[in-house]
Every structure is written in structure tokens, then in C-alpha cells.
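Open your viewer and keep the selection tool at hand.

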Amino acid sequence: MPGIRPPCLSTTAAIRGSLPLLALLLTTALLLSGCAKPAPVADAAPPAPAAQAQPDTTTQDAKDAKDAKDAEDAEAARMRETASKPHSPVTPDDAACDPLTGVLQGQCVSMNQEKTRGQCYSLRPGATTTKKDKKGKTVKATGRCQPQSLIYARCRTGIDTCRLGDTSPVQWFACAQRNGATTRTPTPGSVMVLDANKGRGMPTGHPVYVEETCPNKDGTWTLRITHTNYDRHCHLDQDARVRFNPRTMQVAFLTGPWGCWAKDLKVMGFILR
């Protein structure tokens, strides 16, 4: 039995079949040697610009408001501290003062006793009676009106010490001085006692209630005072202005019924609560 011959490929067919393989090997060699151009790569998108920071106006407004409030609180605390300090009769030359009155601005201290002030005064004229004099003649006599000046001053201050019977203002001051309850410095709520002055109709002195004290640039004080029985009829003089000189211990009335003549009255001092 004759054998079967396998088919034979021609030389040209063999070369054609090996071309794709050669091309692949050549391309690989070129890539490895760096001669082949790399495939184009799409450009990367540029980074997005960062968002610009905006100032936080809410936080700044809140900080400004807090700073303003802190400044107001500090000023209020300073004013309270200044008002609580006792005034010195000698004041700085550069202190701000009212050019008309000389009163240092913002330095006045007063007592708020409007309720007590109304309760302490109710005019009661003295009763008129008849009696016989030393010669046996019948005459009319009028008792004391009320409130007398000392009684009014006691009522306004609440000071009930040194009761020596029918105490005069001079006796009251002398007793309070022995007890260490007097001062030469004006104090709101104290009683200023004028010394005895027969020529002015004050043989036993005269007390006035100090409503307000205002230090002056020249070392004097402007006081607002209230007193009764200034005319021996128990009438009330409210809020009269007087100028007190601590160096000479004299007072001059600037307003009120005594403003026209009382310019050099001697002051004993001030009775304290």
C-alpha cells in the first residue's frame, strides 16, 4: 500500500507567515530602546482654584459689641468708685469745674430722703393764751411753733442722742463732739451747726440739714441745705445754697431768705449720724 506524502509549503508562504511575528519583535525592541513614540495621553484637567476665604463679619461685629460693653462697664465701675470716695477739701488745680459756680463737675454727693423730708415738716403755729405778767396785768402769750429747727434736724437725720432736756443747738454739738460724732468736713445727711450769734438773733446757735455737698476748685464747698424756724415762725427754707470755707469755718448763704445778709456766719462743725 503506497504511503501518503504530507503537503509541502513553498518558501514564499513560509516568509509571509513569519512577517507578523517579526513585526511584533521589532516593535518590542524599539519600545525597549526608547525610540518608539509613546501613545498620546490626554492632558490632565487643571486643579480647580481654591475658594477665596470670606471674612466672617458676624464674628467681628460680636467682638466689637463685646469690646464696647466692656468699656462701658469699666467706666461705670470707675464712676461708682469715685462717688464712694470721701471728698477732700483741697482739690486739684486742673479739675474740671463749672466756670460760673466753681463747683467741680460730677463730684456732688446728695442724700435721697424725699420721703423723710415730707414727713418731718408740718407747720403747727404756737397756741395763743393769756396770762398775767409780774405786775398782774393780763397779757397774751404765744407758745412755740413747730417744728423748731433742732427738732426738724433730728427728724431728718434720725440722730436721737445728747438729749439734755431743752437742748440748744450749741449744747447738742458740744455733747456730740465729746462723743466723737462731729467733723469739720461737710457730709451729706449731717447737721451743720451755726455758732451762737446774738446780733443775728441766734443766741443758742442754729442747726441746718445738709442735703448735698459739692467740693469747689478753690477748696471751699457749695452745700445744699434745708432748715426751719429761720424766721422764728417755723417756716421751712428748702434747698438753699451756701458756700462753706473749711479754713475759716464760716458759711455764706447764696440763696434763700438769708441770702441777702448771712455772709460770714461762724460754723461749729457737722454732727454725724
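Start with a term for how hidden a residue is: buried means under 20% relative accessible area, exposed means over 50%, and partly exposed lies in between, with a 1.4 Å probe and protein chains only. This is a predicted model, where local features need pLDDT of at least 70 and side-chain atom pairs count only at pLDDT 80 or more, while totals for chains, interfaces and linings use all residues. Residues are numbered from 1 along each chain as its sequence is written, and side-chain values use heavy atoms, with hydrogens and water left out.

**Stop 1**

Select Cys214. Is it buried or exposed? Cys214 is buried, because its relative accessibility is 2%.

The cut-off for a disulfide is a pair of cysteine sulfur atoms within 2.5 Å. Such a link is a covalent bond between the sulfur atoms of two cysteines. The torsion about the S-S bond of Cys108 and Cys214 is about 120 degrees, so this disulfide is right-handed. Cys108 sits in the loop between helix H2 (57-84) and strand E1, and Cys214 sits in strand E6 (residues 206-215), so the pair ties together parts that are 106 residues apart in sequence.

A word on the labels: helices (H or I, at least four residues) and strands (E, at least two) are DSSP runs, numbered from the N terminus.

**Stop 2: Val109**

Step along to Val109. It belongs to strand E1 (residues 109-110). Val109 is partly exposed, with a relative accessible area of 24%. The C-alpha atoms of Val109 and Pro188 are separated by 6.7 Å, yet the two residues are 79 apart along the chain.

**Stop 3: Cys120 and Cys155**

Next, select Cys120 and Cys155. A disulfide joins them, S to S 2.0 Å. Which hand does this link have? It is left-handed, because the torsion about the S-S bond of Cys120 and Cys155 is about -80 degrees. Cys120 lies in the loop between helix H3 (114-119) and strand E2 (128-132), while Cys155 lies in helix H4 (residues 149-157), so the pair ties together parts that are 35 residues apart in sequence. Cys120 is buried, at 7% relative accessible area. Cys155 is partly exposed, at 36%.

**Stop 4: helix H4**

Seven of its nine residues are buried, so H4 is largely enclosed by the rest of the structure. Colour the buried residues: Ser149, Leu150, Tyr152, Ala153, Arg154, Arg156 and Thr157. What do they pack against? Their partners are H3, helix H5 (169-178), strand E5 (191-194), E6, E7 and E8. Contact here means heavy atoms within 4.5 Å. Just after H4, find Gly158, which takes a positive phi of about 80 degrees.

**Stop 5: Cys145 and Cys234**

Select Cys145 and Cys234. This disulfide also has a listed S to S distance, 2.0 Å. The link of Cys145 and Cys234 is right-handed, with 85 degrees about the S-S bond. Cys145 is in the loop between strand E3 (138-142) and H4, and Cys234 is in the loop between strand E7 (221-228) and E8, so the pair ties together parts that are 89 residues apart in sequence. Both Cys145 and Cys234 are buried.

How many disulfides are there by this rule? The count comes to four. With the bonded cysteines of the chain numbered in sequence order, the pairing reads 1-7, 2-4, 3-8, 5-6.

**Stop 6**

Show strand E8 (residues 236-245) and strand E9 (residues 250-253). They run antiparallel and are joined by four bridges. Two strands pair if DSSP finds at least two bridges between them. Look across from Val242 to find Phe253 in E9. The hairpin of E8 and E9 has four residues between the strands, and there Met249 takes a positive phi near 55 degrees.

E9 and E10 run antiparallel, joined by two bridges. The bridge partner of Val251 in E10 is Leu265.

**Last stop: Gln250**

Finish in E9, at Gln250. Gln250 is partly exposed, at 32% relative accessibility. Show its contacts: leaving out residues up to four places away in sequence, Gln250 touches Arg243, Phe244, Asn245, Asp264, Leu265 and Val267. Gln250 and Val267 are 17 residues apart in sequence but 5.4 Å apart in space, C-alpha to C-alpha.
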